[in-house]
Amino acid sequence: MSMPTPPPSKLPGSAAKEYDFYKVVQDYLDRAARVAHVEPYVQTILSQPKNEVIVNFPVRMDNGDIRLFKGYRVQHNNLLGPFKGGMRYHPQVALDDVKALAAMMTWKSALLRLPFGGGKGGIKFDPHSVSRQELQRITRRFTHALGENIGPEYDIPAPDVGTNSQTMAWMMDTYSNMVGSASKQMVKGVVTGKPVASGGTLGRTKATGQGIVFCILEWAADKGFNLEGSTMIVQGFGNVGSNTAVILSRLGVSAVAVGDHTGYMYNPEGFNAHKLQDYVEANGGIAGYPGGKPITREEFFATRADIFLPCALENQVGAAEAASLNVKLVAEGANGPTHPSGEKILLEKGIDLLPDVLANSGGVTVSYYEWVQNKRSETWSEEDVDARLEVAMKRAYHDVADFARAKRCDMRIAAYALALQRIEAVYKEREIFP
Ligand code: NAD
């Protein structure tokens with residue numbers, strides 16, 4: 001949770017006005033199912049989430065008023081393991097978008113061979129419009145309202161847009177107080193992305209960014225591309241965008257343009273990603289950062305660079321943005337940042353695309369490592385976490401790239417298809433109850 005979120009009417013721009021995220025994800029599922037020759041009944045089961053939980057819960061605000069909040073938890077599939085996925089606090093949280101994001105978690109877990117299914121949730125409100133105490137009460141009351149709909153062997157939330165490790169600490173503490181003293185120590189794994197002292201894992205905060213970088217390294221090796229001395233443009237400078245930029249900058253990639261909900265900036269010499277990360281932490285956004293010149297959103301998308309990292313929200317790259325982009329690679333840190341109309345143009349222009357379900361899966365992978373450590377009462381070193389993540393991401397990258405080459409499909413459809421095949425194999429073995 002890095003910055004205040006503007007009301008939807010003031011959002012600085014998104015790709016297409018009419019955007020049905022759930023339908024977009026459904027269409028990918030349909031295409032992937034055809035490529036993977038998945039049994040129709042498996043596709044039918046996966047076309048809808050298993051459970052859609054909606055809770056309305058009251059919270060006392062600082063001024064004494066009682067405000068009603070709407071929270072969601074969509075549990076898409078738990079064939080391979082507990083439902084798993086983030087909690088989003090944002091004014092635009094809506095059921096269909098959460099359904100899309102929950103389904104994507106199912107594909108990510110399967111693609112990374114994790115013993116997890118997929119879920120997603122959130123609350124429709126602006127977390128930056130309330131005080132810290134209110135935020136805590138909202139989070140605790142939400143956790144209480146979800147009750148037995150979450151649990152360390154059932155459904156395991158994590159941070160997403162508008163939430164962070166502090167949110168997870170409140171969720172875990174509330175849940176552990178709900179289960180009673182005797183079970184308290186056993187339920188740390190009810191959420192991942194916790195602060196390290198409260199049972200989190202080293203390496204989780206940067207995990208999504210680190211995973212993206214491992215993917216980019218494999219892409220660069222595949223293409224014979226030298227990252228040292230290359231350039232990137234980064235949209236979204238929160239957890240995912242800033243950590244990806246910091247790690248890439250250590251490899252010699254310089255960020256020449258950045259943007260977030262407070263505006264866009266250009267610096268041909270390259271931003272100091274570390275300093276900008278600290279600035280955003282302190283100021284809630286990039287606006288006012290002294291090391292760059294303000295530019296428009298249109299100028300940002302037209303900035304020539306080698307790599308574009310969309311790390312903000314869904315539906316940011318439509319036809320117009322794709323037509324402007326002058327890059328070699330788009331690596332999707334955000335979930336669903338590319339509209340299908342934009343993706344078509346990117347592929348026609350010969351721009352490579354590392355799709356979200358592959359590129360940003362480092363977050364859920366390290367969440368799995370956290371969950372395993374909680375189960376075993378172990379603490380792994382950061383080097384150990386990073387080394388395991390590297391193996392997992394590189395394997396996933398090559399699985400997807402090999403499949404795409406063999407089946408002559410794009411990387412996104414390949415990632416979905418591989419996930420579908422793995423889930424289908426289990427449905428075929430276990431068959432359908434009763
Ligand atoms: P965050 O809240 O830390 O950061 C979000 C960023 O997006 C901020 O920089 C914000 O200013 C920017 N943003 C919001 N609205 C914008 C707009 N209209 N235009 C431009 N920028 C805008 O969230 P995060 O955790 O970094 O998540 C970012 C994306 O990555 C989301 O799509 C999320 O689902 C995805 N993701 C996150 C994780 C994780 O581990 N946190 C894992 C996988 C995927």
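In S4, which residue is the bridge partner of Tyr89? And what is around that pair?

Modeller: Happy to! The bridge partner of Tyr89 in S4 is Ile123. Before we look around, please keep in mind that this is a predicted model, where local features need pLDDT of at least 70 and side-chain atom pairs count only at pLDDT 80 or more, while totals for chains, interfaces and linings use all residues. Residues are numbered from 1 along each chain as its sequence is written, and side-chain values use heavy atoms, without hydrogens or water. The average pLDDT (the predictor's confidence in each residue, from 0 to 100) is 95 for the protein, and 96% of the residues score at least 70. Residues 1-12 have a pLDDT below 50, and beyond near neighbours in sequence this stretch makes 37 contacts in the model. Where pLDDT is low, the predicted coordinates should not be read in detail.

Now to your pair. Strand S3 (residues 83-90) and strand S4 (residues 118-124) run parallel and are joined by four bridges. (Helices, H or I of at least four residues, and strands, E of at least two, are DSSP runs numbered from the N terminus; two strands pair if DSSP finds at least two bridges between them.) Both strands belong to an open sheet of five strands, in the order S1-S2-S4-S3-S5 and with mixed pairing. At the edges are S1 and strand S5 (155-159), each of which pairs on one side only. From one strand to the next, the twist averages 25°. In a regular strand, side chains alternate between the two faces of the sheet.

Further along the sheet, strand S1 (residues 51-60) pairs with strand S2 (residues 66-77) in the antiparallel sense, over 10 bridges. Val53 has Arg73 of S2 opposite it. Five residues lie between the strands of this hairpin, and Gly64 there takes a positive phi near 95°.

A helix covers part of this sheet. Helix H4 (residues 132-146) lies across S1, S2, S3 and S4, at about 135° to S1. (Axes are lines fitted to C-alpha atoms, for helices over the stretch in contact, and angles run from 0 to 180 degrees between N-to-C directions.) H4 also packs with helix H5 (residues 165-179), at an angle of about 45° and with the axes 9 Å apart. This makes H4 oblique to H5 (angles under 35 degrees are roughly parallel, over 145 roughly antiparallel, 65 to 115 roughly perpendicular and the rest oblique). Their crossing is right-handed, a term used when the near helix is turned clockwise from the far one by less than a right angle, left-handed being anticlockwise. In contact (heavy atoms within 4.5 Å) are, among others, Leu135, Phe142 and His144 of H4 and Trp170, Met171 and Tyr175 of H5. By class, the residues of the contact of H4 with H5 are six nonpolar, seven polar and three charged (Ala, Val, Leu, Ile, Met, Phe, Trp, Tyr, Cys and Pro count as nonpolar, Asp, Glu, Lys and Arg as charged, and the others, Gly among them, as polar).

For some context, here is the rest in brief. Another open sheet has seven strands in the order S9-S8-S7-S6-S10-S11-S12, again described as mixed in pairing. Strand S9 (293-295) and strand S12 (352-354) are its edges, each with a single partner strand, so one side of each is left without a neighbour in the sheet. Neighbouring strands here are turned by 20° against each other on average, direction ignored. Within this sheet, strand S6 (residues 231-235) and strand S10 (residues 307-310) run parallel with four bridges, and Met232 faces Ile307 of S10.

Elsewhere, helix H1 (residues 21-36) and helix H15 (residues 411-430) have axes that come within 8 Å and cross at roughly 70°, so H1 and H15 are roughly perpendicular. Helix H6 (residues 207-223) packs with helix H13 (residues 362-376) at about 120°, their axes 7 Å apart, which makes H6 and H13 oblique to each other.

Asn315, which is not a glycine, has a positive phi of about 55° and sits in the loop between S10 and helix H10 (319-324). The peptide bond from Phe433 to Pro434 is cis, with omega near 5°, and Pro434 belongs to the segment after H15. Most residues other than glycine have a negative phi, and most peptide bonds are trans.
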